[in-house]
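Here are some questions about the labels used for a structure. Each answer sets a value against its cut-off.

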Amino acid sequence: MAEDASPAVRPTFDDDRPVHTEPGELPPEVQSPLAPFDGREPEAPQWFKDAIAQEPERRFVESLGTKLELLTWGEVGKPGLLLVHGNSAHADWWSFIAPFLANNYRVASMSLAGMGASDWRETYAFQDFAEDAEACARAAGLYEGGRKPIYIGHSFGGSQVFYAAASHPERMHAAVLVDTGFGGPPPAQQKEMERRAERVRNIPTADRANRVYPDMPTALKRFRFMPPQAPGHLFVADFIARRSLKQAPLEDGSGMGWTWRFDPAMWNKLDRTAMNQLSEGGKPEVKVPLAHIYGERSGVAKRARDGAPSPLPDDMIQVAIPDSDHHIMVDQPLALVAALRALLAAWPA
């Protein structure tokens with residue numbers, strides 16, 4: 001399981017945290033891929049425009065006293081899919097993937113507590129995320145298709161899906177993890193991440209709130225992916241980044257600006273006890289079918305293939321996406337769609 005880490009050096013199932021910095025501070029290897037656009041939207045292909053034009057129904061569901069953001073596509077009564085995003089991300093990370101699945105499925109995408117438009121909590125825990133997922137699945141009608149839903153989770157969301165699958169197999173038909181890893185980075189990579197962290201300022205932490213930027217272009221120039229990687233499709237990065245922001249009062253009281261929508265203290269507030277207990281004594285027994293889709297270039301997935309400790313079953317179905325890093329929906333969104341369609345059509349038996 002993951003060891004505690006500073007906000008800049010985090011466990012490998014952590015995800016794409018936007019980091020904001022002062023002008024001129026970013027070394028080239030960690031610059032925002034959106035900085036050259038100065039607030040302009042990158043050109044997008046027609047398939048992407050058509051996908052995001054299929055707007056989901058947006059609402060909130062209450063779980064454990066917390067309001068959770070929920071997006072849904074497709075007809076109630078079809079088999080259910082629950083999509084779970086990575087750390088510091090939000091439900092719209094799936095908004096250009098879900099429409100390709102909605103003809104055959106009732107699809108729901110949730111924003112985890114502390115992220116997206118969902119409420120923040122004093123503490124976060126794996127068992128609470130599992131209850132939240134069940135509440136969203138029920139509210140979205142994912143059980144109305146004659147079978148239990150299939151959960152699909154990316155990165156940190158994949159770790160939540162894995163915990164739910166191991167702890168509550170009665171709630172799901174199967175589970176798909178998307179580039180999900182466990183355990184910290186190897187020593188050499190951790191040193192490199194620490195070196196980079198020393199050169200980056202204003203990373204939000206438990207005792208330092210997210211900065212409020214005067215306008216959207218300024219905020220977008222601070223967006224980057226974590227773990228660091230090449231930008232993939234810039235039109236996808238731009239779509240995700242814009243929906244990672246919300247309006248907030250400027251620090252000097254002169255008006256409204258833009259800030260990140262995630263709780264900067266989430267990682268410090270996360271209680272890993274239940275997840276750690278799950279793997280005490282070896283790999284947990286998972287009674288639901290499991291599959292893992294990973295990026296062929298992903299360092300997160302490579303560590304597992306190189307023998308890093310993992311609670312995942314050895315005989316789990318593995319599907320590699322060529323020419324993709326950790327954030328597959330950014331690098332190869334249509335390949336991810338194709339992999340999910342093929343997998344769900346033939347599996348589980």
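Q: What makes Asp 92 count as buried or exposed?
A: The model is a predicted one. In it, Asp 92 has 3% relative accessibility. Buried means under 20%, so Asp 92 counts as buried.

Q: How do you know that Arg 58 forms a salt bridge with Asp 92?
A: The closest N and O atoms of Arg 58 and Asp 92 are 3.0 Å apart. The cut-off is within 4 Å, for a side-chain nitrogen of Lys or Arg and a carboxyl oxygen of Asp or Glu. The pair therefore qualifies as a salt bridge. By this rule the count comes to 15 salt bridges.

Q: Which parts does the pair of Arg 58 and Asp 92 tie together?
A: Arg 58 lies in strand S1, and Asp 92 in the loop between S3 and strand S4 (106-110). They are 34 residues apart in sequence, so the pair ties those parts together.

Q: Why is Arg 58 called partly exposed?
A: Its relative accessible area is 39%. Buried needs under 20% and exposed needs over 50%. Arg 58 falls in between, so it is partly exposed.

Q: What makes the contact of Arg 297 with Asp 323 a salt bridge?
A: The N to O distance is 3.3 Å. The limit is within 4 Å, so the two side chains meet in a salt bridge. Arg 297 sits in the loop between S11 and helix H9 (299-305), Asp 323 in the loop between S12 and helix H10 (328-331). They are 26 residues apart.

Q: How do you know that Asp 325 forms a salt bridge with Arg 297?
A: The closest N and O atoms are 3.7 Å apart. That is also within 4 Å, so the pair qualifies. Asp 325 is in the loop between S12 and H10, 28 residues from Arg 297.

Q: Is Asp 325 buried or exposed, and on what value?
A: Asp 325 has 15% relative accessibility. The cut-off for buried is under 20%, so Asp 325 counts as buried.

Q: Why is H2 called roughly perpendicular to H3?
A: Helix H2 (residues 126-139) and helix H3 (residues 156-167) pack at an angle of about 85°. Angles of 65 to 115 degrees count as roughly perpendicular, so H2 gets that label against H3. The contact includes Phe 126 and Phe 129 of H2 and Phe 156 and Tyr 163 of H3.

Q: What makes S1 and S12 edge strands?
A: Strand S1 (57-63) and strand S12 (317-321) each have a single partner strand. One side of each is therefore left without a neighbour in the sheet.

Key. Residues are numbered from 1 along each chain as its sequence is written. This is a predicted model: local features need pLDDT of at least 70, side-chain atom pairs count only at pLDDT 80 or more; totals for chains, interfaces and linings use all residues. Side-chain values use heavy atoms; hydrogens and water are left out. Axes are lines fitted to C-alpha atoms, for helices over the stretch in contact, and angles run from 0 to 180 degrees between N-to-C directions. Helices (H or I, at least four residues) and strands (E, at least two) are DSSP runs, numbered from the N terminus. Angles under 35 degrees count as roughly parallel, over 145 as roughly antiparallel, 65 to 115 as roughly perpendicular and the rest as oblique. Contact means heavy atoms within 4.5 Å. Two strands pair if DSSP finds at least two bridges between them. Buried means under 20% relative accessible area, exposed over 50%, partly exposed in between (1.4 Å probe, protein chains only).
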